[in-house]
Amino acid sequence: MTASTTRRSTATPRFAAVGAIAVAGALLLTGCGDQTNKGSSTSSASSSNAPLFSKLPAKFQKSGVIKVGTDATYAPMEYTESGKIVGIDPDIAAALGKQLGVKFEFVSGTFDGLITSLNTGRQDVVMSAMSDTKARQQGLDDSGKKIGTGVDFVDYFESGVSLLVKKGNPSGINALADVCGHTVAVQRGTIYETTFKDQAKKCGSKKLTVESYDTDAEAQTRVKAGGAVADLNDYPVAAYLAKTSGGGKDFDVVGDQIGAGPFGIATSKSNTQLRDALKDAVDAIIADGTYKTVLAKWDVANSAVTKAAINGGS
């Protein structure tokens with residue numbers, strides 16, 4: 001999602017793999033987004049010999065673990081395979097772990113509950129293809145109302161947003177304005193949902209119905225069945241899904257990408273030492289080439305950043 005139009009996005013595909021649909025049932029969670037699907041511990045064993053170990057708060061030096069909240073239904077960024085959470089974010093976290101000398105333990109929950117899990121201390125960070133936005137930094141809801149303390153972001157990835165439609169594009173959707181008068185499907189709590197709701201206001205009497213779901217896989221299924229004309233996704237996800245789902249027979253990506261913006265690792269505003277250690281670790285894996293290798297593995301090289309940033313979203 002861009003700063004104002006993305007869930008968590010750039011000009012290169014951010015992929016939502018076929019596996020995202022396949023595992024949707026297993027990953028669908030209840031409640032307010034508590035992480036209940038314990039997935040994977042990613043990275044090297046705790047080691048005080050790691051280059052950036054001394055940068056970490058004492059808590060993490062002692063435990064050797066950073067708990068990560070994620071929504072593992074968003075391949076290839078994060079998804080479940082053989083009971084393990086895998087993808088671009090876990091691979092980047094593994095590289096960060098080698099720099100910091102700790103394990104990143106991913107636990108899956110619904111996307112709209114991830115920041116709550118961070119602010120209540122259930123997780124130490126959120127790493128879930130989450131767009132860095134001023135609203136999230138400041139703890140604001142869609143209307144600009146203050147609802148929380150906000151979070152800090154360490155930006156590590158860039159992406160833009162695209163419309164995903166049923167194969168053949170039967171409703172002739174070629175731009176965001178074309179969804180007016182139709183029904184769209186989207187994941188709840190994402191900036192994509194905000195984008196569709198903002199568009200609904202612009203549609204006026206040509207009513208746009210926005211259906212929101214706990215997971216993006218559910219929204220994809222609704223589009224595939226013809227119950228909605230489009231879903232919004234980061235371009236890499238949409239492109240991958242169009243290529244792979246149903247052997248390439250389920251979806252098309254249409255129109256130009258909508259903006260571009262950074263994904264960030266979310267941290268508590270009270271934990272600036274952890275935030276700064278993560279920034280140093282991102283810069284370190286960029287410098288040593290590990291970051292480039294991870295992105296090349298997943299065919300998202302165009303989503304690379306040249307350096308980490310703190311709260312660079314708008």
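Start with two residues, Tyr79 and Trp298: both are buried, where buried means under 20% relative accessible area, exposed over 50% and partly exposed in between (1.4 Å probe, protein chains only). Keep in mind that this is a predicted model, in which local features need pLDDT of at least 70, side-chain atom pairs count only at pLDDT 80 or more, and totals for chains, interfaces and linings use all residues. Residues are numbered from 1 along each chain as its sequence is written, and side-chain values use heavy atoms, with hydrogens and water left out.

Now to the rings. A pair of aromatic rings is described by the distance of the centres and the angle of the planes. Rings of Phe, Tyr and Trp (its six-membered ring) pair if their centres lie within 6.5 Å; planes under 30 degrees apart count as stacked, over 60 as edge-to-face and the rest as tilted. By this rule there are three aromatic pairs. For Tyr79 and Trp298, the centres are 6.3 Å apart and the planes stand at 90°, so this pair is edge-to-face. Tyr79 sits in strand S4 (residues 78-81), while Trp298 lies 219 residues away in the loop between helix H11 (290-297) and strand S13 (309-310). Helices (H or I, at least four residues) and strands (E, at least two) are DSSP runs, numbered from the N terminus.

How are Phe157 and Phe263 arranged as an aromatic pair? They are stacked, with 5.2 Å centre to centre and 15° between the planes.
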